[in-house]
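Hi,

Here is the structure I promised to pass on. Have a look at it first, and then read on for what turned up.

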Amino acid sequence: MYDILIITLAGFTTGITTVLFGFGGGFVVVPFVYQLMLRQPELAGNAMHIAVATSTAVMIFNAGWVTWQNWRAGKLSTRILFPLLWFIAMGSVAGSCLAGLLSESLVRSLFIVYMLGTIADCLLRKGFFSGSVPRRLSLSLVTGGGVIIGVIAALLGVGGSVMTVPLLRRHGYAMRECISASNPLSLPVALCGALTYTVTGWQSIPVSGFIGFISLKILGLLVLTGWSGIFFSRCAIPSVPDSWHARVYVLLLFLVLLAMLL
């Protein structure tokens with residue numbers, strides 16, 4: 001019962017963060033699912049892989065739903081999305097394949113290092129909190145940066161939002177534009193990651209209710225509660241000023257890092 005309550009709260013929070021910050025699953029789902037799996041001896045050895053795999057599957061539904069809503073509302077900018085989307089997709093294929101070759105402890109350590117680097121980048125480099133005049137991303141940044149984003153996001157199950165939002169923010173885009181773009185940019189990562197973890201984890205889990213490393217029970221509960229969080233955010237949470245939106249974004253990264261460390 002306690003585990004169900006935790007997953008329910010995590011799923012609801014994921015839905016809210018998908019709308020407000022573009023986090024389709026990873027940064028909220030991974031720490032909670034990881035801790036739950038550690039308490040089950042038969043699953044503890046694959047706890048991080050299960051957490052990351054289930055997170056990528058959740059992103060397909062959450063990020064996909066919000067992307068569709070934003071597309072219907074005319075909130076998606078093709079100038080921001082393309083061609084960055086294609087290079088992130090290419091990187092996500094490589095990252096998903098690489099994830100199956102790494103150990104459980106190494107994936108967890110990479111997740112923590114990635115979080116520390118992202119937070120430091122937002123705090124120490126100018127442009128994230130203040131914003132500037134919008135400008136296009138250079139070709140080299142779109143190609144090389146897109147591939148790197150795809151590799152890291154798929155490897156760690158975090159989507160692309162925590163890298164694409166700071167990137168777009170420093171190029172002068174408002175937080176609402178960054179968040180709207182982050183959900184469709186996370187979709188190739190989610191699709192490639194979920195497929196790869198299904199294949200690499202096939203028959204690796206000694207209990208029922210799994211497709212590869214993906215927990216079907218946790219996935220179903222997270223998707224249902226996540227959509228409830230999305231609906232709640234759309235109806236009940238007012239628009240946040242741009243500068244405060246950026247500050248709360250970084251605060252959320254701190255909280256997730258703390259949860260993973262503890």
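Leaving out residues up to four places away in sequence, Ser215 touches Thr54, Gly209 and Phe210, where contact means heavy atoms within 4.5 Å. Ser215 sits in strand β2 (residues 214-215); helices (H or I, at least four residues) and strands (E, at least two) are DSSP runs, numbered from the N terminus. With a relative accessibility of 5%, Ser215 counts as buried. The cut-offs there are under 20% relative accessible area for buried, over 50% for exposed, and partly exposed in between (1.4 Å probe, protein chains only). Between the C-alpha atoms of Ser215 and Gly201 there are 11 Å, with 14 residues separating them along the chain.

Some housekeeping before the rest. This is a predicted model, in which local features need pLDDT of at least 70 and side-chain atom pairs count only at pLDDT 80 or more, while totals for chains, interfaces and linings use all residues. Residues are numbered from 1 along each chain as its sequence is written, and side-chain values use heavy atoms, with hydrogens and water left out.

Now to helix α10, which covers residues 216-236. Its 21 residues reach 30 Å from the first C-alpha to the last, close to the 30 Å expected at 1.5 Å a residue (the expected span being 1.5 Å times one less than the number of residues). Which residues of α10 are buried? They are Ile218, Leu219, Leu222, Val223, Thr225, Gly226, Gly229, Ile230 and Ser233. As background, an α-helix has 3.6 residues a turn, so residues three or four places apart point the same way.

Setting aside neighbours within four places in sequence, Gly226 is in contact with Gly11, Phe12, Gly15 and Asn62. Its C-alpha is 14 Å from that of Phe32, 194 residues away along the chain. Arg234 is also in α10, but counts as partly exposed at 35% relative accessibility. With neighbours within four places again set aside, Arg234 is in contact with Val19, Val66, Gln69, Asn70 and Lys75. Arg234 and Pro166 are 68 residues apart in sequence and 23 Å apart in space, C-alpha to C-alpha.

On to the rings. The count comes to six aromatic pairs, under this rule: rings of Phe, Tyr and Trp (its six-membered ring) pair if their centres lie within 6.5 Å, and planes under 30 degrees apart count as stacked, over 60 as edge-to-face and the rest as tilted. One of the pairs is Phe12 with Phe232, tilted, at 5.5 Å centre to centre and 50° between the planes. It links distant parts of the chain, with Phe12 in helix α1 (residues 2-21) and Phe232 in helix α10, 220 residues apart. Phe12 is partly exposed at 30% relative accessible area, and Phe232 is partly exposed at 37%. Then there are Trp65 and Trp227: their ring centres are 5.8 Å apart and their planes at 40°, so this pair is tilted. Here too distant parts of the chain are linked, Trp65 being in helix α3 (residues 47-72) and Trp227 in helix α10, 162 residues apart. Trp65 is partly exposed, with a relative accessible area of 33%, and so is Trp227, with 35%. Ring pairs also join Phe61, Trp65, Trp68 and Trp227 into a cluster.

How do α7 and α8 cross? The axes of α7 (residues 139-156) and α8 (residues 161-170) come within 9 Å and cross at roughly 155°. Axes are lines fitted to C-alpha atoms, for helices over the stretch in contact, and angles run from 0 to 180 degrees between N-to-C directions. That makes α7 roughly antiparallel to α8 (angles over 145 degrees count as roughly antiparallel, under 35 as roughly parallel, 65 to 115 as roughly perpendicular and the rest as oblique). Leu141, Ile148, Ile149 and Ile152 in α7 meet Met163, Thr164 and Leu167 in α8.

Last, a couple of backbone points. Phe82 and Pro83 are joined by a cis peptide bond, with omega about 5°. Gln203, a residue other than glycine, has a positive phi near 60°, and is exposed with a relative accessible area of 75%.

Cheers
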